[in-house]
Amino acid sequence: MSALAAEPPRRTARFASVDALLADARSRLVRVSPHQAAHRTRAGARLVDIRPQWQREVDGVVPGALHVERNHLEWRLHPDSGANLSEATWDTEWIVLCTEGYTSSLAAAALRSLGLDATDVAGGIQAWRAAGLPVDTVPIADVGAAVKTVVP
């Protein structure tokens, strides 16, 4: 008998790959371009940046965006979570932003599964910048001043 423990059995997965998971999430979204997102925010939608602080320090921030890191998103945006932000209402339209538009798709799909109106920006902050939309590059100490940052 071997001293090594047997490898645990492989569990049945709902998705065969991360790409399949992402495709499923995106099938439930009507993703928006950076210009569409900017237009919708001017009309009252809320842009929520889910990137961690170090990515905002590297890539900059969208002026006026709400910052809620990904690991707190559902609790902060669900109106009945008990840990929600005052901006979290059932009629808020959320547009989720990440670096390149992958994590934001998964996050927006999670928000939709909770009954919230959510989508994401195709291409993330990289596409936002490439579209010529405003991005503030701020010194590390000033990142929190550029956006409303929500701390756990």
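Alanine 122 counts as partly exposed at 27% relative accessibility, a class that lies between buried, under 20% relative accessible area, and exposed, over 50%, for a 1.4 Å probe and protein chains only. Alanine 122 is found in the loop between strand S4 and helix H6 (124-130), where helices (H or I, at least four residues) and strands (E, at least two) are DSSP runs numbered from the N terminus. Although alanine 122 and valine 32 are 90 residues apart in sequence, their C-alpha atoms are 5.9 Å apart in space. With contact taken as heavy atoms within 4.5 Å, and residues up to four places away in sequence not counted, alanine 122 touches Arg31, Val32, Pro34 and Ala127.

The model is predicted, so that local features need pLDDT of at least 70 and side-chain atom pairs count only at pLDDT 80 or more, whereas totals for chains, interfaces and linings use all residues. Residues are numbered from 1 along each chain as its sequence is written, and side-chain values use heavy atoms, with hydrogens and water left out.

The chain has seven helices and five strands, which follow one another along the sequence in the pattern α-α-β-α-β-α-β-α-β-α-α-β. Of its 152 residues, 40% count as buried, and the accessible surface of the chain, computed by the Shrake-Rupley method with a 1.4 Å probe, comes to about 8600 Å², of which 55% belongs to carbon and sulfur atoms. Among contacts between residues at least 6 apart in sequence, 67% join residues at least 24 apart.

The largest nonpolar core has 17 residues, and those with the most contacts inside it are Val48, Leu73, Leu77, Trp94, Val96 and Leu111; such a core is a set of buried Ala, Val, Leu, Ile, Met, Phe, Trp, Tyr and Cys residues joined through side-chain atoms within 4.5 Å. Helix H4 (73-77), strand S3 (93-97) and helix H5 (103-113) each supply at least two residues of this core, and H5 gives the most, with three residues. When residues up to four places away in sequence are not counted, leucine 77 touches Val48, Leu85, Ala88, Trp94, Leu111 and Leu116. A second, separate core of 14 residues includes Ala45, Leu47, Ala65 and Leu97.

The buried residues of H5 are Ser104, Ser105, Ala107, Ala108, Ala109, Ala110 and Leu111, and they pack against helix H1 (18-27), H4, S3 and strand S4 (117-120). Just after H5, glycine 115 takes a positive phi of about 90 degrees. In the loop between H4 and S3, glutamate 87 is found; this residue is buried, with a relative accessible area of 17%. The side chains of glutamate 87 and serine 86 are joined by a polar contact of 3.5 Å, that is, a pair of N or O atoms within 3.5 Å of which, within protein, one must be able to donate a hydrogen and the other to accept it, residues adjacent in sequence counting only if both atoms are side-chain atoms.

The largest pocket has a volume of about 180 Å³, the volume being the space filled by probe spheres set on grid points joined across faces, edges and corners. A pocket is an open set of points, on a 1 Å grid over the protein atoms alone, where a 1.4 Å probe fits, with protein on both sides within 12 Å along at least five of seven lines, and lining residues have an atom within 4 Å of a point. The lining comprises 13 residues, of which Thr41, Leu47, Val62, Pro63 and Trp128 lie nearest the centre of the pocket. Helix H2 (34-42) and strand S1 (46-49) are the elements that give two or more residues to this lining, with H2 giving the most, three residues.
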